[in-house]
Amino acid sequence: MYEDNATLKYLNRKPLRQKPTAHISYHEGLQLIRRFLHYASYHTVEDIQAFTSQWVPSPHWVRAEEVQIPQKTIDGAAEVIIAQLGHKGVDKVGGSKWWQWRRDGSSLRAEWIEMRADHERRKRTKEACKRVMLYVHGGAYYFGSVDEHRYQIQRHARKLGARVLAR
């Protein structure tokens, strides 16, 4: 009976006065995905990222510092991963080169995100940071970016009392 009342309440609700809503039908959701995939098939990954990106500013109590990862560090990390995976593991992920590829002249950028108060305290006491989190967002760099995940990353930094390196 409770489920029936809830269903009736939903079906008989008053109009939302043109307020945005997240309620879409299965068909509408499927059409949205199909249209997006069609659009994506004619555009580069960078275009898609720009299309889906929603920049989230950092509030004044959060410190965000953009950094560029040096090529030497990237190469060293690749060597460690290849050594850890071994030949069979490298073959399973499709070889050792595709995931290291970068467009000529492009760089690998990341952001250090932490609470400004934590940063100021560490600077004042000259104490090393005891907690660091590596945050790699999902979406295979096709959907979204650190810009969209910044709020979530800030929450992780605050709750952990940590610096977060986000890419």
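**Entry 1**

I began with R163 and E114, whose side chains meet in a salt bridge, 3.4 Å from N to O. R163 lies in strand β4 and E114 in strand β2, so this pair ties together parts that are 49 residues apart in sequence. I noted that the model is a predicted one. I then looked up how covered the two partners are. E114 counts as buried, at 1% relative accessibility. R163 is buried as well, with a relative accessible area of 17%, and the cut-off for buried is under 20%.

**Entry 2: the overall layout**

I stepped back to the whole protein. I found six helices and four strands, and from the N terminus on they run α-α-α-β-α-β-α-β-α-β. Of the 167 residues, 22% count as buried. The protein exposes about 13400 Å², and carbon and sulfur atoms supply 57% of that. I also looked at contacts between residues at least 6 apart in sequence: 74% of them join residues at least 24 apart.

**Entry 3: other salt bridges**

I searched the whole structure and found eight salt bridges. One of them is formed by E111 and R150, with the closest N and O atoms 2.6 Å apart. This pair links distant parts of the chain, since E111 is in strand β2 and R150 is in helix α6, 39 residues away. Are E111 and R150 buried or exposed? E111 counts as buried at 10% relative accessibility, and R150 is buried with a relative accessible area of 4%.

I next looked at R121, which forms a salt bridge with D118; here the closest N and O atoms are 4.0 Å apart. Both residues lie in helix α5, three residues apart, about one turn of the helix. R121 is partly exposed, with a relative accessible area of 33%, whereas D118 is buried at 18%. I also noted one network of salt bridges that share partners, joining R63, E65, E114, R122 and R163.

**Entry 4: helix α5**

Which residues of α5 are buried? I found D118, H119 and R122 in this helix, which spans residues 116-125. They cover an arc of only 100° around the axis, so they sit on the same side of α5. On the other side of α5, A117 and R124 are exposed. I checked what the buried residues of α5 pack against, and found β1 (62-69), β2 and β4.

After α5 comes K126, whose phi is positive, near 55°, although K126 is not a glycine. K126 lies in the loop between α5 and β3 (132-135). It is exposed, with a relative accessible area of 75%.

**Entry 5: the nonpolar core**

I listed the largest nonpolar core and counted nine residues: V62, I113, M115, Y135, V146, I153, A157, V164 and A166. β2 (108-115), α6 (146-160) and β4 (163-166) each supply at least two of its residues. α6 gives the most, with three.

Leaving out residues up to four places away in sequence, Y135 touches H149, Q152, I153, H156, V164, L165, A166 and R167.

**Entry 6: a nonpolar patch**

I ended on the surface. I81, L85 and V93 form a nonpolar patch there, with about 210 Å² of accessible area together. V93 is found in the loop between α4 (71-92) and β2. I looked up its cover and found V93 partly exposed, with a relative accessible area of 37%.

Technical notes: Residues are numbered from 1 along each chain as its sequence is written. This is a predicted model: local features need pLDDT of at least 70, side-chain atom pairs count only at pLDDT 80 or more; totals for chains, interfaces and linings use all residues. Side-chain values use heavy atoms; hydrogens and water are left out. A nonpolar core is a set of buried Ala, Val, Leu, Ile, Met, Phe, Trp, Tyr and Cys residues joined through side-chain atoms within 4.5 Å. Buried means under 20% relative accessible area, exposed over 50%, partly exposed in between (1.4 Å probe, protein chains only). Contact means heavy atoms within 4.5 Å. Patches are made of residues with over 30% relative accessible area and no salt bridge: like charges are joined within 9 Å, nonpolar side chains (Val, Leu, Ile, Met, Phe, Trp, Tyr) within 5 Å. Accessible areas come from the Shrake-Rupley method with a 1.4 Å probe; for residues, only the protein chains shown count as cover. The arc is that of the directions from the helix axis to the C-beta atoms.
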